[in-house]
Amino acid sequence: MLLCVTASHKTASFELLERLSVHPDRVAPIIAGHDECVQGAVVVATCNRFEAYVEMDEPVTAAGAVGVEATLLAIESAMGVSPAELEGSYDVVVGDDVARHLFAVASGLESVVVGEGEIAGQVRRALTEAREQGTTSTELERLFQRASETQRGIKNATAIGRAGRSLVRLALELADSRVTDWSTLRVVLVGTGSYAAATVAALRDRGADDIRVASPSGREALFAARHALRPVPSTHFAEAVASADLVITCTSAEHPVLSAADFTEGAAIADAAELPARRLVIDLGLPRNVDHDVSGVPDTDLLDLETIRLHAPLEELQATDDARRLVADAAARFVVSGERRSVTPAVVALRSYVGAVLETEIARARARGDDGTTEQALRHLAGVLMHTPTVRAHELAEQGRADDVFAAVSALFNIDVQELATPVAAPDDVASAG
């Protein structure tokens, strides 16, 4: 059974989401180690979302409750956010609805800016991290791979993929009212990750040319060389931000990297003529990269994720409707495929049983001097006889009657399904055999 514990900009405050963005990489291993009935866990953590996808052993009584408990306790252990503090700020998605939810998330349909592109990469990286930590499972692998496939299909087939805007671009749109000429702007970018690269591209699209980059981790020189920017060494950081017309922060640092003290220090160092009449600071980090006290710096406007979220545009209705229909179709196919997989052991066991009987009869025919005619006829007959039970088994599985298939195979043929169904063939191989 799959379940998802999700807290997002739709259910939780910005402050809570900020706390849930600290040490998200520690959560999945704790969930996976909670109980032997937990089969796997993958955590997706973004600036507006925290989600734990968990696979539970289906036969376990109250498996859903155990999965939620495992997640809440893991969050408390890794992030210091207690279950009581989370109460009312998260939703639980269970069973067949999990695929629909993740597919919508990966496609940008649940983002602050509908259709934003960054989330797709974040979903892929979540699966990669789970693999590295050894916390994923067969069903979670299938779920996340299908999510990425669905996202690519929606991007190619709907307007939402062509017109969707990222948080970076939305932030710059909000800054347009304060900027008269982007080409004359002195910009300092703090950060060297994927968001920083997206920010550079968005700035250049608007005509910004004077862009310098700083990095709390010391990677400014490498990033600057890669993107044809000017690096800002740490010793010149305060002076650079104080002299900038626009400062954009987008690092993964757990503590603020920019404060009022930086501007005070920089103003004391810089030439007075270099100080801007008014500057804008855009904070795209979560946890926040910019200390609250920056809002009190004279001639400085602060635009953070919480403000950006309040100005997010309404959904583009037609594109969103089209995308949601594609998500629903993909989720339905995922569920049907899962149901077909659920009866695969029974079908494989039956085919193994019939195959063993077939080989015995073929051996007898060969002992009697068969020239191959009897063998060919027997193999054809076995294929024909197995076709209908195989198709019917999958139909029953899609109706939620997989248990009936297992019971029938066991009762009619006295087959130990678990013994004969190892190794399990792929569903398509079973369906096409014979």
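**Reading helix packing, cysteines and buried residues**

Student: Which residues of α9 and α10 meet?
Tutor: L167, V168, R169 and L172 in α9 meet Y195, A198, T199, A201, A202, L203 and D205 in α10. The contact residues divide into eight nonpolar, one polar and two charged. Keep in mind that this is a predicted model.

Student: How is such a helix pair described?
Tutor: Two packed helices are described by the angle between their axes and the distance between those axes. Here, α9 spans residues 167-175 and α10 spans residues 194-205. They pack at an angle of about 40°, and their axes are 9 Å apart. The two helices are therefore oblique to each other.

Student: What is the handedness of the crossing?
Tutor: Right-handed, as α9 passes α10.

Student: At what angle do α5 and α6 cross?
Tutor: Roughly 125°. Helix α5 covers residues 97-106, helix α6 covers residues 118-133, and their axes come within 8 Å. That makes α5 oblique to α6.

Student: Which residues form that contact?
Tutor: From α5, L102, V105 and A106; from α6, I119, A120 and V123. The contact of α5 with α6 divides into six nonpolar, no polar and no charged residues.

Student: Now the cysteines. What is a disulfide?
Tutor: A covalent bond between the sulfur atoms of two cysteines. In this model the count comes to zero disulfides.

Student: Are C4 and C47 buried or exposed?
Tutor: Buried means under 20% relative accessible area. C4 is at 0% relative accessibility, so C4 counts as buried. C47 has a relative accessible area of 11%, so C47 is buried too.

Student: Where is S8 found?
Tutor: In strand β1, residues 2-8. S8 has a relative accessible area of 6%, so S8 is buried.

Student: What is S8 in contact with, leaving aside neighbours within four places in sequence?
Tutor: With that exclusion, S8 is in contact with L17, N48 and R49.

Student: Which strand holds L246?
Tutor: Strand β8, residues 246-249. L246 has a relative accessible area of 2%, so L246 is buried.

Student: What is L246 in contact with, again leaving aside neighbours within four places in sequence?
Tutor: W182, L185, R186, V187, V188, L203, L280 and I282. Take V187 from that list. V187 and L246 are 59 residues apart along the chain, yet their C-alpha atoms are separated by 4.8 Å. Note L203 as well: L203 is in contact with L246, and L203 is also one of the α10 residues that meet α9.

Definitions and conventions: Residues numbered from 1 in each chain as written. Predicted model: local features only at pLDDT ≥ 70, side-chain atom pairs only at ≥ 80, totals over all residues. Heavy atoms only, no water. Axes fitted to C-alpha atoms, helices over the stretch in contact; angles between N-to-C directions. Helix = DSSP H or I, 4+ residues; strand = E, 2+ residues; numbered from the N terminus. Parallel < 35°, antiparallel > 145°, perpendicular 65-115°, else oblique. Left-handed = near helix turned anticlockwise from the far one by under 90°. Contact = heavy atoms within 4.5 Å. Nonpolar A, V, L, I, M, F, W, Y, C, P; charged D, E, K, R; others polar. Disulfide = S-S within 2.5 Å. Buried < 20%, exposed > 50% of the residue type's maximum accessible area, 1.4 Å probe, protein only.
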